[in-house]
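Have the model open and follow along.

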Amino acid sequence: MDKLRAFGTTIDDVLLPTFAAYAPYIIAKEREIKSTRYETHKYGFTARQHLDIYYPDKAPVAPFHVKPVFIFLYGGGFVGGDRVNEGFAHSLIFKNVGHYFASNFGFTVIVPDYRLISHGAKFPSGGEDVKLVVEWVKTTLSRKEGYESIDLFILGNSAGGIHLSTYLLAPDFKEAREAIAATERLGRGVLLRGVIFLGVPFHWAGEDNAILRAYLGEGQIFENSSIGLLRREKKKGSEPVLPGVKISILVSELDPDLISDSSQQFKSEWTSADITYDVVEGHNHISPQLGLGTGIEKEEAWGVQVVQFCKLGATNDV
């Protein structure tokens, strides 16, 4: 973390130096990271739509009375990203994320691959993939012994957070959202209890490039951004409401200004939502997920913060 400030804040500039800086710390924990049991499952209709699920070896920490299941949606700018980065740190990313939350806090962690532009992804396919992952939790995981009742938490990082916001805001997914949102638990099943946005650009401030056009649509970059979706629904009198769901927006101290500015704007405009905004001290756009599993307290502090947030949304009794 101490080296990060010198890298700057531009995402393209910090990407490779940040990965290089964290590689030794992650590799040093290879044995521990690989000790967490995981399985791979298909959740959708294409070869891309697979997920890894990491199982804890202990009961979840208090105050969780039902199984906490945590979905991690990585970033990659619509063109990159995999649930396991084969070219970096002995293929331990994002196994380190699954290991960290499972081994330390008893969470069951799901890291899915979603479709990229190279797989034909085009808005709102990211939201469709999130919906399919949630459906897999409801129809497959919930049939597993001990998972009859699930408190669901979803973290979307960067582009993964854009896909998560599409799922939460677009009318295409209204019925699916309503099926997992409720003020209180009335029985078994899956309830969405918390959402975390980490380093998410909720709009692009007039930016227009080939990647944004390819995914969001020609002339529709703002309209299909998170804030564009929210404004469209509010204009129709259909502002999305998520009863019982807490939302946390996290922005790294060294994130680009656009991310912090658009995050605060998103919070202020989604008036019906229960949203908090916090800064992740010392980190840049790439480093938070790389710091997990290193065993270094200041690197993992944001992970503890996420767990504390999830505790606030946990089912109080069953």
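This is a predicted model: local features need pLDDT of at least 70, side-chain atom pairs count only at pLDDT 80 or more; totals for chains, interfaces and linings use all residues.

P124 sits in the loop between β4 (108-112) and α5 (125-139), where helices (H or I, at least four residues) and strands (E, at least two) are DSSP runs, numbered from the N terminus. Residues are numbered from 1 along each chain as its sequence is written, and side-chain values use heavy atoms, with hydrogens and water left out.

There's another cis bond to look at: I93 to F94, with omega near 15 degrees. F94 belongs to the loop between β3 (67-73) and α4 (95-105). Why point these out? Most peptide bonds are trans, and most residues other than glycine have a negative phi.

| Residue | Phi | Relative accessibility |
|---|---|---|
| S91 | near 60 degrees | 14% |
| A205 | about 50 degrees | 59% |

Buried or exposed? S91 counts as buried, while A205 counts as exposed; buried means under 20% relative accessible area, exposed over 50%, partly exposed in between (1.4 Å probe, protein chains only).

Now for the rings. The structure holds 25 aromatic pairs. Rings of Phe, Tyr and Trp (its six-membered ring) pair if their centres lie within 6.5 Å; planes under 30 degrees apart count as stacked, over 60 as edge-to-face and the rest as tilted. One of the pairs is Y22 with Y25, edge-to-face at 6.5 Å centre to centre with 70 degrees between the planes. Both sit in helix α2 (residues 11-27), three residues apart, so about one helical turn separates them. Y22 is buried at 2%, whereas Y25 is partly exposed at 40%.

F107 and F153 make a stacked pair, 6.4 Å centre to centre and 15 degrees between the planes. Because F107 lies in the loop between α4 and β4 and F153 in strand β5 (residues 149-157), their pair ties together parts 46 residues apart in sequence. F107 is buried at 0%, and F153 is buried at 0% too. Ring pairs also link F107 and F153 into a cluster with F64, F70, Y100, F101 and F105.
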